[in-house]
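Here are my notes on the model you sent. Please read them with the sequence and the structure open side by side.

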Amino acid sequence: MKFYTVKFGYDISRNSNKVAISSREHIINRDRLLEVENYDQTFELVKYAVSAVFDMRRAGLSLILQGMPSGLGAYHILGSNVIVLNRFVLEIIKNTGRSIEEYNSYLFTVLAHEYLHSFGILEEYTVRKMILDLCKNFFGEDHPTNLLAKDPVSLFPQLRHKFSDKFENRFEIVKEFDKSNQYYIQ
Ligand SMILES: [Zn+2]
């Protein structure tokens, strides 16, 4: 079994422009991210964004929450349809009093990262570069997702402190996740 992970502490900055999404659409997309209320709605927006920017789509993923060691945001088990998010990280971010936009931006970038892995894109560098392109093109450059795409803990310095060194045995399966095969109609 091989794990592909979001690891904290990297910082890469690259520029590119794949598609032209207008600044008016950036505002609409930012508003959509503000309005998502759960994992499923956030993931639907991720799927829409990846479809709009990279013309890639797939369905049928499952989401699991699990407490994991510090420094690990999420993982995808290669060849499976499972994305696992670090529950501890989500709780810390929720409890730090950051804005809804910042919390939703974290969720968006971490789900998008694992979603791209689920297409069989294995190289971390490639996925990180795609996430930078995705956030820049979909939301515009001056949006919190851009910072998180470069460094997932940039907005949440608390995550640099060690808060756990083990994987929990408890897995919480998120119900009502990725049940629809529908995509937003553009
Ligand atoms: Zn990864």
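1. Contact range. Take contacts in the chain between residues at least 6 apart in sequence: 72% of them join residues at least 24 apart. Contact here means that the C-beta atoms of two residues, placed from the backbone, lie within 7 Å. This is a predicted model: local features need pLDDT of at least 70, side-chain atom pairs count only at pLDDT 80 or more, and totals for chains, interfaces and linings use all residues. Residues are numbered from 1 along each chain as its sequence is written.

2. Layout. The chain has six helices and five strands. From the N terminus, their order is β-α-α-β-β-β-α-α-α-α-β. Helices (H or I, at least four residues) and strands (E, at least two) are DSSP runs, numbered from the N terminus. Of the 186 residues, 32% count as buried. Buried means 20 or more other C-beta atoms within 10 Å of the residue's own; exposed means 12 or fewer; partly exposed is in between; C-beta atoms are placed from the backbone.

3. Strand β2. This strand covers residues 62–66, with Leu63 and Leu65 on its covered face. Ser62, Ile64 and Gln66 make up the uncovered one. β2 pairs with β4 (residues 82–86) in the parallel sense, over five bridges. Pairing requires that DSSP finds at least two bridges between two strands. Leu63 sits opposite Ile83 of β4, and Leu65 sits opposite Leu85. β2 also pairs with β5 (residues 172–173), here antiparallel and over two bridges. In that pairing, Ile64 has Ile173 as its bridge partner.

4. Strand β4. Why is β4 largely enclosed by the rest of the structure? Because four of its five residues are buried. β3 and β4 run antiparallel and are joined by three bridges. Ala74 has Leu85 of β4 as its bridge partner. The β3–β4 hairpin has four residues between the strands, and Gly79 there takes a positive phi near 85°.

5. The core. The largest nonpolar core holds 32 residues. Val46, Leu111, Ala112, Ile131 and Leu134 touch the most other members. At least two residues of this core come from each of α2 (39–54), β2, β3 (72–77), β4, α4 (100–117), α5 (124–139) and α6 (144–150). A nonpolar core is a set of buried Ala, Val, Leu, Ile, Met, Phe, Trp, Tyr and Cys residues joined through C-beta atoms within 7 Å. Leaving aside neighbours within four places in sequence, Ala112 contacts Val46, Ala49, Val50, Ile131 and Leu134.

6. Helix α5. This helix has 16 residues and reaches 22 Å from its first C-alpha to its last. That is close to the 22 Å expected at 1.5 Å a residue, where the expected span is 1.5 Å times one less than the number of residues. Just after α5, Gly140 takes a positive phi of about 90°.

7. How α2 meets α5. The axes of these helices come within 10 Å and cross at roughly 95°. That makes α2 roughly perpendicular to α5, a label for angles of 65 to 115 degrees. Axes are lines fitted to C-alpha atoms, for helices over the stretch in contact, and angles run from 0 to 180 degrees between N-to-C directions. On the α2 side, the residues are Ala49, Val50, Ala52, Val53 and Phe54. They meet Met130, Asp133, Leu134, Asn137 and Phe138 of α5.

8. Most residues other than glycine have a negative phi. Asp55 is not a glycine, yet its phi is positive, about 60°. Asp55 lies in the loop between α2 and β2. Is Asp55 buried or exposed? Exposed, with 9 other C-beta atoms within 10 Å. Glu176 is also not a glycine and has a positive phi of about 55°. Glu176 falls in the segment after β5. With 11 C-beta neighbours inside 10 Å, Glu176 counts as exposed.

9. Gly67. This residue is in the loop between β2 and β3. Gly67 counts as partly exposed, with 19 C-beta neighbours inside 10 Å. Gly67 and Ser164 are 97 residues apart in sequence, but 8.3 Å apart in space, C-alpha to C-alpha. Not counting residues up to four places away in sequence, Gly67 touches Asn86, Arg87, Phe88, Ser164 and Glu168.

How values were computed. Angles under 35 degrees count as roughly parallel, over 145 as roughly antiparallel, 65 to 115 as roughly perpendicular and the rest as oblique.
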